[in-house]
Amino acid sequence: MRVSVMAVLPFDSWPERPVFRRWWCGRDRSDVGVSYALAGVEGVLTYRFAGRWRWAYAGGLLLFYLLPLIRSHTFTDLGHFCAVLIGLGFYGFADGRPTWDPADLWRTRWHRARSPLANDRSKGS
């Protein structure tokens, strides 16, 4: 109840306790957990890529989260890296789902742009 009442009051009328102000303003917080969930989802999304793209994406993802961990050794960086590993561990949930091949998309667009029908349409306009 107190939080909902404080949401409509002006900032100057909030309680003067420093603990409350730190909690409300988030000055002592460096991470609230959303980024951990995002890192885990990125790990699960690795299985949406087809073939070699999956390995490239997984390698890039692990490198993206491993480099800050090696450089700074913070708890947040460790949490992000562990979340990616947990996401990669969810292969059983992603197995059998359709995959996406970026090369297939590129080939489709390339053939469409080079087809004689597409060239006839562009000349007619």
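Helix 3 passes helix 4 in a left-handed crossing, a crossing being left-handed if the near helix is turned anticlockwise from the far one by less than a right angle, and right-handed if clockwise. The contact is made by Ala-39, Glu-42 and Gly-43 of helix 3 together with Tyr-57, Leu-61 and Tyr-65 of helix 4, where contact means heavy atoms within 4.5 Å. These residues divide into four nonpolar, one polar and one charged; Ala, Val, Leu, Ile, Met, Phe, Trp, Tyr, Cys and Pro count as nonpolar, Asp, Glu, Lys and Arg as charged, and the others, Gly among them, as polar. The axes of helix 3 (residues 34-44) and helix 4 (residues 52-72) come within 10 Å and cross at roughly 160 degrees, which makes helix 3 roughly antiparallel to helix 4. Axes are lines fitted to C-alpha atoms, for helices over the stretch in contact, with angles running from 0 to 180 degrees between N-to-C directions, and angles over 145 degrees count as roughly antiparallel, under 35 as roughly parallel, 65 to 115 as roughly perpendicular and the rest as oblique.

The model is a predicted one, in which local features need pLDDT of at least 70 and side-chain atom pairs count only at pLDDT 80 or more, whereas totals for chains, interfaces and linings use all residues. Residues are numbered from 1 along each chain as its sequence is written, and side-chain values use heavy atoms, with hydrogens and water left out.

The chain has eight helices and zero strands, these being DSSP runs (H or I, at least four residues, for helices; E, at least two, for strands) numbered from the N terminus.

Leaving aside residues up to four places away in sequence, Leu-69 touches Thr-74, Asp-77, Leu-78 and Phe-81.

Thr-46 lies in the loop between helix 3 and helix 4 and is buried, with a relative accessible area of 2%. Beyond residues up to four places away in sequence, Thr-46 touches Arg-54, Tyr-57, Ala-58, Leu-61 and Leu-88.

Technical notes. Buried < 20%, exposed > 50% of the residue type's maximum accessible area, 1.4 Å probe, protein only.
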